[in-house]
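Q: Hi! Could you walk me through this structure? I'd like to start with one of the ligands.

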Amino acid sequence: MFKLTLFLCLLYYGTQTLGININAVPDANTEGIIQVELENTVSLVCGLDSSTPSDEELVWLRNGAVVSLKDGNKMGRSSVCINPVIYEDNGATFTCHLHSNTSVTASVTLNVTYHPELTGSEEVTVEMDSPLVLQCDMRANPPVSSMTWSLNGSMVDLLEGGFAVTNDGFTSTLQVSKAEKLLHEATYQCISESLLYGQSSKTFKVTVTDKTIKFPLMPLIAGVVVVGLTVILAFVSRWKKITKCCK
Ligand SMILES: *[C@@H]1O[C@H](CO)[C@@H](O)[C@H](O)[C@H]1NC(C)=O
Ligand SMILES: *[C@@H]1O[C@H](CO)[C@@H](O)[C@H](O)[C@H]1NC(C)=O
Ligand SMILES: *[C@@H]1O[C@H](CO)[C@@H](O)[C@H](O)[C@H]1NC(C)=O
């Protein structure tokens with residue numbers, strides 16, 4: 001009996017206080033949280049129950065900021081549609097209350113789920129002795145349970161290849177300060193593991209090229225200009241002397 005009452009209390013918490021309620025698609029859970037996948041749609045309908053006069057004006061808020069509503073969408077019943085759901089909607093709270101009495105209110109919170117954006121294959125060319133940097137998105141909700149890097153199909157040997165792996169919570173980076181053909185030319189893969197979405201991965205085909213000798217074009221042009229100017233100046237001053245002595 002106690003369990004049942006508790007369950008009912010939870011059910012009413014969040015989505016409903018006396019007088020007002022929110023109907024959500026997809027459904028909100030007992031804590032008023034709606035789980036929805038990124039880029040999908042959430043539709044919310046705020047309505048009044050029989051204890052409240054049906055000509056009451058309703059107000060919608062998103063994280064405390066008023067949502068602008070069309071005129072026909074305010075009296076007694078009001079709907080908002082979030083389409084598509086974006087990253088920034090994660091954790092956003094939608095509240096509906098009476099215009100005349102803000103304590104008659106109901107709210108729901110979005111839990112936007114998504115996996116890291118890892119697909120396909122990328123060709124990467126790096127010059128010998130230059131840094132090699134490979135990056136993979138790791139933003140996910142729920143957070144990824146692991147992110148691993150492979151080289152030609154086996155776990156990257158950090159020591160042997162002189163690799164460093166870092167992550168800042170948004171991106172996982174595999175890098176080498178000086179690329180070598182023998183050690184680093186290979187097919188790499190970053191693989192994320194999520195409890196909700198399973199594996200996602202992205203492939204990099206890395207080619208290490210010989211060093212190209214960079215011709216220092218800019219200094220050369222500057223040099224030519226300086227030499228040219230000097231010749232002209234020398235000639236001008238010379239000419240002055242010549243003309244002077246001819247006088
Ligand atoms: C607002 O609604 C609450 C809950 O129904 C009620 O207790 C309160 O008296 C109302 N306030 C006004 C100003 O009507
Ligand atoms: C959001 O949903 C995910 C997947 O079900 C879950 O792991 C996570 O705890 C939820 N987050 C919140 C804040 O409810
Ligand atoms: C990875 O495999 C390719 C193709 O078999 C090979 O040419 C390359 O040397 C390998 N790379 C490493 C670092 O073992």
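Q: Which atom of ligand 2 does the side chain of Gln35 pair up with, and at what distance?
A: This is a predicted model, and in it an N or O atom in the side chain of Gln35 sits 2.9 Å from an oxygen atom of ligand 2. Asn111 also takes part: an N or O atom of the Asn111 side chain is 2.3 Å from an oxygen atom of ligand 2.

Q: Which residues surround ligand 2?
A: They are Ile33, Gln35, Asn111, Thr113 and Pro142. By type, that shell has 2 nonpolar residues, 3 polar ones and no charged ones.

Q: And how much of ligand 2 does the protein bury?
A: The protein buries 48% of the 360 Å² that ligand 2 exposes when taken alone. Strands S3 and S9 each give two or more residues to the shell.

Q: OK, on to ligand 1. What's around that one?
A: Ligand 1 has Asn101, Ser103 and Val104 around it. A polar side-chain atom of Asn101 is 2.3 Å from an oxygen atom of ligand 1. Of the 360 Å² of accessible area that ligand 1 has on its own, the protein covers 26%.

Q: What about ligand 3, which residues are there?
A: You'll find Leu151, Asn152, Leu182, Leu183, Glu185 and Ala186. The side chain of Asn152 has an N or O atom 2.3 Å from an oxygen atom of ligand 3, while a backbone N or O atom of Glu185 is 2.9 Å from a nitrogen atom of the ligand. The protein covers 40% of the 370 Å² of accessible area that ligand 3 has on its own.

Q: Changing topic: how many residues are in the largest nonpolar core?
A: It has 26 residues, and those with the most contacts inside it are Ile20, Val42, Leu44, Trp60 and Phe94. Among the strands that give it two or more residues are S2, S5 and S8. There is also a second, separate core of 23 residues, which includes Met138, Val144, Leu174 and Val206.

Q: What does Phe94 touch?
A: Leaving out residues up to four places away in sequence, the contacts of Phe94 include Ile22, Leu44, Trp60, Ile82 and Val108.

Q: Why would nonpolar side chains be found together?
A: In soluble globular proteins, they tend to be buried together.

Q: Last one: is Thr203 buried or exposed?
A: Thr203 counts as buried because its relative accessible area is 15%, and the cut-off for buried is under 20%. Thr203 is in strand S17, and residues it touches include Gly120, Glu122 and Tyr188.

Note on methods. Residues are numbered from 1 along each chain as its sequence is written. Chains are lettered from A and ligands numbered from 1 in the order in which they are written. This is a predicted model: local features need pLDDT of at least 70, side-chain atom pairs count only at pLDDT 80 or more; totals for chains, interfaces and linings use all residues. Side-chain values use heavy atoms; hydrogens and water are left out. A residue is near a molecule or strand if one of its heavy atoms lies within 4 Å of it. A polar contact is a pair of N or O atoms within 3.5 Å; within protein, one must be able to donate a hydrogen and the other to accept it, and residues adjacent in sequence count only if both atoms are side-chain atoms. Accessible areas come from the Shrake-Rupley method with a 1.4 Å probe; for residues, only the protein chains shown count as cover. A nonpolar core is a set of buried Ala, Val, Leu, Ile, Met, Phe, Trp, Tyr and Cys residues joined through side-chain atoms within 4.5 Å. Buried means under 20% relative accessible area, exposed over 50%, partly exposed in between (1.4 Å probe, protein chains only). Helices (H or I, at least four residues) and strands (E, at least two) are DSSP runs, numbered from the N terminus. Contact means heavy atoms within 4.5 Å. Ala, Val, Leu, Ile, Met, Phe, Trp, Tyr, Cys and Pro count as nonpolar, Asp, Glu, Lys and Arg as charged, and the others, Gly among them, as polar.
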